Amino acid sequence: MMTAWGVMHSMAADRSGLKGKTITADTRRRVWSFARPYRAWIFAFIATTVASTFLGLLPPLVIREIFDSAIADGDGSYLNVLFSVLIAAAAGGALLSLVGRRLSSGIGEGLILDLRLQLFDHVQRMPLSFFTRTQTGTLVSRLNNDVIGAQRAFTGTLGTVVANIITLVATLIAMFVLEWRLTLLAVAILPVFVLPARKVGRGLQAITREGMNLNASMNNTMTERFNVAGALLVKLFGRHDDEAADFSDRAGRVRDIGVRSALYSQVFLIALTLVGAVGTAIVYWLGGHLAIDGTLSAGTLVALGLYTVRIYVPLTSLSNARVDVMSAFVSFERVFEVIDTPNPITDSGDAGDLRDPEGRVEFRGVNFAYPVADGTPESLGVAAADGQDGSAAGAQDGSAAPVEVLSGIDLDIAPGRMVAVVGTSGSGKTTLVSLVPRLHDVTEGAVLVDGVDVRDLTQASLRAAIGTVTQDPHLFHDTVASNLRYARPDATDTLLVEACRAARIHDVIAALPDGYNTVVGERGYRLSGGEKQRLAIARMLLKDPAIVILDEATSHLDTENEALVQEALTEALRGRTSLVVAHRLSTIVDADLIVVLDDGVITESGTHEELRLAGDLYAELYEGLLRAEIAQRPEAERIGSGG
């Protein structure tokens, strides 16, 4: 019955993605390369399967001997021996089953581990553009569903195909040796079952596909509604009843699909049981007549009846073997598709470490354009390339042309100096600072740290020297302490407190229910914007970088929070080289140098007073910022300042 269920699920599997698919030699080679560390286990598994199959042929032969010899001759001693053989065969089968399960699980789980580790490591090392172009859910699916599907190639499919082939061949040989006429009769009725079973299988495939789509839709709804932002939106718009009704409709359709699937499955199992019963009945009927005529012994008849049941399930399963193998290999191909996605930002063979960084940063003739395509497979839900909005001018052949975001950037930042980068929205400010930690590589020119091209440094040592605080710092759904130690895993509690005091956030943390052991919630939702910013600054201080990048870290804060964050930033920037993308006057005016970007080009540079007196773009930006900040102040402050 368990084997029958396996055949049924094999027939029910969604095969819509297998049309026109072939297994290439390269795929077979790469699959075997993953399996190579488990060669001994695979051979042992096959050997165990073979032994278990042949051991399964023994009981009918022993029963034949019981009827034809022990009982017929009245030999009780021989009956006792045969009884012992049956018990030993059952025990041996159980032991081989346990060993086989241990081997198959070891192979499968080992493959899952190897594939997941390689896939995870490759994906998390991809450049930022990869993640802006792909769907997170699709990547997670490759790490889970497709990796498990690949595992089945060795645990489920391989074992099933080998076992079925050996069982079928060995059983048919044994049956032919015992009585070839009854064997041909038992096989002859198989098409009567296989053809309807295939029709049922197609129906199961359609139902399974529909059920998977409905489940995916239902799961997507839950994922979107159960995160903090989604739950907040539902509450603010008062859509609880509508959401419940919509979910009820989808869940009801899933229920209906489940009922239909259960009926189809039961029809298949009934048909399989029926054909087995009919085949066995025919064997006993005709064999009974042969036994009455004296041309067939009773023991042989019983053995043939037992063998007959063993041939139908393997034959049916093997009729789907090619599709099962294709399904497993398609899963491998989908995993390889991600692993083969090229990573344009890698360490060169002779890359060196950045040791004792001083913090000098130089841009020499830097041009940058986001690539139109980076080799990311379309199956990962690829969006338009960064910097491409679909309206950019294309090449004459109709293909999209790269849009240059930065052009001719020359900038020299001495160690310990603070440089503010300002400009209108979309002028390339964030792109400029992202080139320093090598989140992207320049199209032309070079970015240097301490006189060395960042492409000649190892990414680990380069990024270890750089601390970044963004406009919306990310916090993991973990404790405050764990989020802080992400920058420095070996940091002591004393160091955590020191960093948080410097970032003006210690008192807030100490007042939390569990202090530094308080879980901050998804994306730090339990903390305010200013508190998250200060916690991110504390995390950066723990890292103790030579270079600090602040990307609009104070743009959305109120006046009170801005003052606290500004105090924290003053502490954080002391003695460090800093690049600050800022919209706040308090951040800009204290800079040693202000760089004005306009459409990817540096149009002005100098101190606040120099640029303000020049009366160009910076002066316009400054006046706009000044009016905006005065408007945001409390009324008493505006009156007092003459605003």
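This report describes the fold, cores, selected helices and surface features of a predicted protein model.

## Basis of the description

The model is predicted, with local features requiring pLDDT of at least 70 and side-chain atom pairs counted only at pLDDT 80 or more, whereas totals for chains, interfaces and linings use all residues. Residues are numbered from 1 along each chain as its sequence is written, and side-chain values use heavy atoms, leaving out hydrogens and water.

## Overall architecture

The protein chain contains 23 helices and 10 strands; these are DSSP runs numbered from the N terminus, helices being H or I with at least four residues and strands E with at least two. Of its 643 residues, 44% count as buried, where buried means under 20% relative accessible area, exposed over 50%, and partly exposed in between (1.4 Å probe, protein chains only).

The accessible surface of the chain comes to about 32100 Å², and 58% of this belongs to carbon and sulfur atoms. Such areas come from the Shrake-Rupley method with a 1.4 Å probe, and for residues only the protein chains shown count as cover. Among contacts (heavy atoms within 4.5 Å) with a separation of 6 or more, 80% are between residues 24 or more positions apart.

## Nonpolar cores

A nonpolar core is a set of buried Ala, Val, Leu, Ile, Met, Phe, Trp, Tyr and Cys residues joined through side-chain atoms within 4.5 Å. The largest has 43 residues, and those with the most contacts inside it are Val-480, Leu-484, Ile-509, Tyr-516, Ile-537, Ile-594 and Tyr-618. Elements that each supply at least two residues of this core include β3 (418-423), α15 (480-485), α16 and β9 (593-598). Helix α18 gives the most to this core, with seven residues. Beyond its neighbours within four places in sequence, Tyr-516 is in contact with residues including Val-480, Leu-484, Leu-496, Cys-500 and Ile-509.

Another core, of 33 residues, lies apart from the largest one and includes Val-366, Val-433, Val-454 and Leu-597. Leu-597 is also one of the contacts of Leu-432, together with Phe-363, Leu-406, Ile-409 and Val-421, neighbours within four places in sequence being left aside. Leu-432 lies in helix α13 (residues 429-434) and counts as buried because its relative accessibility is 0%.

In helix α16 (residues 493-502), the buried residues are Leu-496, Ala-499, Cys-500 and Ala-502. They fall within an arc of 160° seen down the axis of α16, so they line one face of the helix; the arc is that of the directions from the helix axis to the C-beta atoms. The face turned away from this buried side carries the exposed residues Asp-493, Thr-494 and Arg-501.

Arg-504 is found in the loop between α16 and α17 (506-510). Although not a glycine, Arg-504 has a positive phi of about 60°, and at 32% relative accessibility it counts as partly exposed.

## Other local features

Asp-356 likewise is not a glycine but has a positive phi, of about 45°. It sits in the loop between α12 (321-339) and β1 (361-369), and its 73% relative accessibility makes it exposed.

His-122, in helix α4 (residues 76-124), is buried, with a relative accessible area of 17%. Not counting residues up to four places away in sequence, His-122 touches Val-338, Ile-339 and Thr-341.
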